[in-house]
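Subject: Handover of a structure and the findings from it

Dear colleague,

Please find below the structure that I am handing over to you.

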Amino acid sequence: MTPLHHATLGVDGTYPLLLGLWLLPLLGAVLCWTFGPQLKAAAGWLATGFLGCSFAATVLSWPAGTQLIGGAHGAHQALLSWLPGLDFGLLLDPLSLLWALVITGVGFLIHLYSIGYMHGDRAFARFFAYMNFFVFAMLTLVLSDNFIGLLVGWGLVGLASYFLIGFWFERPSAVAAARKAFVLNVVGDVGIMAAVFIIVAHVGSIGFGDVFAASPGFGTGVLFAICGLLFVGAAAKSAQIPLHTWLPDAMEGPTPVSALIHAATMVTAGVYLIARCAPLWSASPNAQLLVGSIGAATALAGALLGMVQWDIKRILAYSTMSQIGYMIMGVGVGAYDGGVAHFLTHAFFKAQLFLGSGLIIHALANEQDVRRMGGLRSKMPFAFVAMATGVVAICGVPGFSGYFSKDRVIYGTLEHGHPWLFGVAVVTAGITAYYMFRMLFVTFMGEYRGDVDHVHLPDWTMNLPVGILIVPTIGIGWLMFGGDASPWNRFFAGQFASGAPVTQPAISEGLTTWIVLAVVAAGIGIAYLRYGTATASADAPARLEREAASVPPVLANAFYFDAIIDALFVRTSQGLGRFLGQTADPLLVDGAVRETALSAGWLGALTRSFQTGLVRAYALVLVAGAACLIAYYALAPGAFR
Amino acid sequence: MNALGLVLLPFAGAVAIWLLPRDNRTAARALGTLVALATLALTPAWATRAFSVRWLSRPFAAAFHFGATPLSYWLVLLLAVCSACAIFAANVPRARDFIAWMLVLEGSMLGLFLARDLLVFALFWDLMLLPVFFVLIGWGRHHGTAWRYLIYNFSGGLALLFATAAFGVLDGSTDVIGRGDVHLIGSWVPWIFAGFAFAFLVKTPVFPFHTWMPATYSDAPGPMVAVVSGVQSKAGLYGFIAITLAFLPDYLHQYAGLLVGLGALSILYGAFVALVQNDAKRIVAYSSLSHLGLIVVAIVAFQPLALAGAVLYMVAHGLFSAALFLALGFVEEREGTSLLSRLRGLGRDNPRLSGALCIGALAALGLPGLAGFAGEIAILIGVYQSGLVWVTAIALAGIVLASAYVLRMFQDVMNGPVSPDLPVRPDLTWREGLAIAPLAAALILLGVNPHAVLTASSAQSPPVATAAIEPPR
């Protein structure tokens, strides 16, 4: 055994607040699960309260998370050790602090919202147990100081996601969606496991500090293999091509779940992983190119598919996939602060959009098809304001949060020498503006096309979180204003040392902003002409039906990813299983065994004679035979002294 | 008292239960549970206190020598836990006889794991087949299953007995388990190795010796299968570590390629077949083939961490397959079937039963945070380091397949709309819940911190020294 480095990120010590913010949601989950029948409606308040305390503890941990003592950044709490080299602990540094704030903060608001949204559900307490458990799992993911701890969180958020997608498990579609999400995410888990094997073989430790300290010694191939395998995990969790197909189906879960897990937090775990492993990615240009390209392809594909959806949650799901594509593109090419910034703003505006859509779905008795909405602006003015703010923010209209972060990502692709990715990012921004405004116009403008007579307006527990979220949806981006002097850059000073720009782009940041704005304006304009004008609203029902019928097959079938995965993996595995189970096992393997048994004559005779009855008697004979054999050795003449 | 007392305790309990009136189920179960709990409680104190009496001196020395090694200690503990849970859960017709047989099974396997003498080991090997055989005859669906189980495993036992006798003649003593200074030389040795290997491969089982298993597991009552699948399947793997690896490492090395191949084949074969089975118990049976194949690979990878992981995964597999078979037994008792085509939507009215099956299922598919994952990752880190990259890849594919077949099993039983054809039965009783709870707790505990089990194999004899990560290259 050679001694290990035990390099830590963060100042070693005991941090009760850190342990508290991590474990409180677990306690809440256990209580809600165990005492669900007794708690009834109080379960929602209990879970929300525990999460509120966790959020408070996170805020109070800010000084510990940002402390900088002797080159160590943040707080490190050791937990336990399986074996030397397999040590587990918690790390709270600016990166994990940011994620923890979003998880507990946005999580708290969504919990509060759920109290109203899930009111009257027969498994109300179980819902909150799962939600609190999810928060615990997600905190485990972002607070772990090592790859296996991260993997544990990674797997547990997948489990929480599985439970919540399949929450209404009497619906076969929800059950199928949950299984699909879980299995695809296990593909990702397995990718991270493989990366861990290579890492341990080269470093002898799973700690982030040890691994990053040793990473300059890795060869190019090893580094690319590690990054590539880690990215398999990131792609599965963050719905990147080709492992994205579970995300649209995941909308089977209740809307608050979509907001918390499948928009604001869990699906950004891949972004966190890459940002966390910045020292590895920055050292591997091949991995940067691969991940940046897949991020760009996902951003574009998600946006294209978002154009042709009619289910309001599926529109948002594809936009989530597209926006995570931006984040992955950002952190992939090395613009870590940009990708992470887009995570932060997206967490707010996408939670806002999902919760806003939840207001509508709740009010219209679970209607999700935008063709059967329309004219809701007058019926639900608050929902309109909430959705409109979110749409404006996601499109990158100047002054709103999405503008600042998307701008950083788009310019970051140029700064890190990827003009092609820049092109894709700009085009995608235009498409995003088009399909988001399309959703807004079709939902809120014109005449109501559905058949719900009485709009069921939500109570304050649902309205309040949406109202609160409007503030960061508009304003959070200003943290990123001001270049190097901005609060954002100062918060992350020292975190992403390896993410400095590599080239001076040919065009200035100001010019790229104008290009993006022009494209976005064009997208909004086309959406307005097609869906927003008075003439467009006039014959909307017929027009929308015609449009739905004329969607190109390649988009209607989502680029055939489901069909390809089904044909390549699912059907072949089942076919092989059927052949082995129904043909090979009984006929070949067992057949050979039976032949052997029968050709040994005595065994065959034995089997036949036993079928005549008197089973126990014959068994006794067999046992007696065995006993005689043993006795022969034991009692052979002279065996005893 | 000592290890012998631990072995005799369940046998004494079985005799006492047979003296009870035939139809007193409650008394039989109470006494059986009491004996099993006493065995569990006394294990830490008695198991490691050795007992030895000279038995033979010619043609070789043999002794009634009992006492736990660090490795067998965990298997004894696993056996005691699983037996107590299974007996407590038992709700079968003719419960008195069934519980007595369960205790005979526990006693004979205690003898097997605690034996320090190969001849005693072989003796208990054959003995532990009988209670399963009689339960299959008395409580199973087809007598053929019982005979197949007995004949198949007994032929392995016969090979084991001959190998043991030859071992004794060559070495002069069979009182060797746990010793590190035994080296066999002679032209018989390959045959001795073959005898041991055959017995262990059949008992585990490993492809292509597995065809006795699915029928046995789907025919026998849940509580019996819980112990057979959970603990008896570890007898062969324990033999591989405590006998083959300890005394015949050169031959194990020589045939490592073959065994790795069989293990890898078992992983994929079991997983693919489990994917399309219709009987939930058969799915778990074939998943066992897949999981135990991984342990065989881990043992012959000759890497300390892989071996440490193998021991942990043996314990983990014991816990989760016991939990799964107990839960499926509860399902079968309620609905009269374990066929996926007939079961549906039980979770709505049986949330606790659903939870019990769920935790076993999650551990089986290797959910991080539960013991199965800890074992798998330790094994695979070691297997990768030993250079078996392609086997690592196969094992990872096995994990993906496991998530598919385990979830299919769980969801088809518990999820979906409630079926009008199935009788509505009450949810898990407190007794049934209490039988599963210790298994679930152990799965979580060992999943969070498996340190104690991971270090058990480092006390093994050479060539397997300390379990730790290899130094950086």
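In chain B, Leu118(B), Phe121(B) and Trp125(B) of helix H5(B) meet Phe196(B), Ala199(B), Phe200(B) and Lys203(B) of helix H8(B). By class, this contact of H5(B) with H8(B) has six nonpolar residues, no polar ones and one charged residue. Contact means heavy atoms within 4.5 Å. Ala, Val, Leu, Ile, Met, Phe, Trp, Tyr, Cys and Pro count as nonpolar, Asp, Glu, Lys and Arg as charged, and the others, Gly among them, as polar. Helices (H or I, at least four residues) and strands (E, at least two) are DSSP runs, numbered from the N terminus.

This is a predicted model, in which local features need pLDDT of at least 70 and side-chain atom pairs count only at pLDDT 80 or more, while totals for chains, interfaces and linings use all residues. Residues are numbered from 1 along each chain as its sequence is written, chains are lettered from A and ligands numbered from 1 in the order in which they are written, and side-chain values use heavy atoms, with hydrogens and water left out.

Helix packing

Two packed helices are described by the angle between their axes and the distance between the axes. Axes are lines fitted to C-alpha atoms, for helices over the stretch in contact, and angles run from 0 to 180 degrees between N-to-C directions. For H5 (residues 118-127) and H8 (residues 189-203) of chain B, the angle is about 35° and the axes are 13 Å apart. Their crossing is left-handed (the near helix is turned anticlockwise from the far one by less than a right angle; clockwise would be right-handed).

Also in chain B, H4 (residues 95-114) and H6 (residues 129-139) pack at about 160°, with 9 Å between their axes. H4(B) and H6(B) are therefore roughly antiparallel (angles over 145 degrees; under 35 counts as roughly parallel, 65 to 115 as roughly perpendicular and the rest as oblique). The residues of this contact divide into nine nonpolar, one polar and one charged. Among those on the H4(B) side are Phe98(B) and Trp101(B), and the H6(B) side includes Phe134(B) and Trp139(B).

In chain A, H5 (residues 94-117) packs with H22 (residues 460-475) at an angle of about 150°, the axes being 7 Å apart. That makes H5(A) roughly antiparallel to H22(A).

Contact between the chains

Chain A gives 69 residues to the contact and chain B gives 79. The area buried between them is about 6800 Å², with 75% of it from carbon and sulfur atoms (the accessible area, 1.4 Å probe, that two parts lose on being put together, summed over both). Between chain A and chain B there are two salt bridges (a side-chain nitrogen of Lys or Arg within 4 Å of a carboxyl oxygen of Asp or Glu). In one salt bridge, the side chains of Arg179(A) and Asp412(B) meet at 3.6 Å, N to O. Over all chains, the whole structure has 22 salt bridges.

Backbone features

A cis peptide bond, with omega about 0°, joins Ile241(A) and Pro242(A). Pro242(A) is in the loop between H10 (220-237) and H11 (246-249) of chain A. Ala239(A), found in the loop between H10 and H11 of chain A, has a positive phi of about 55° although it is not a glycine.

Yours sincerely
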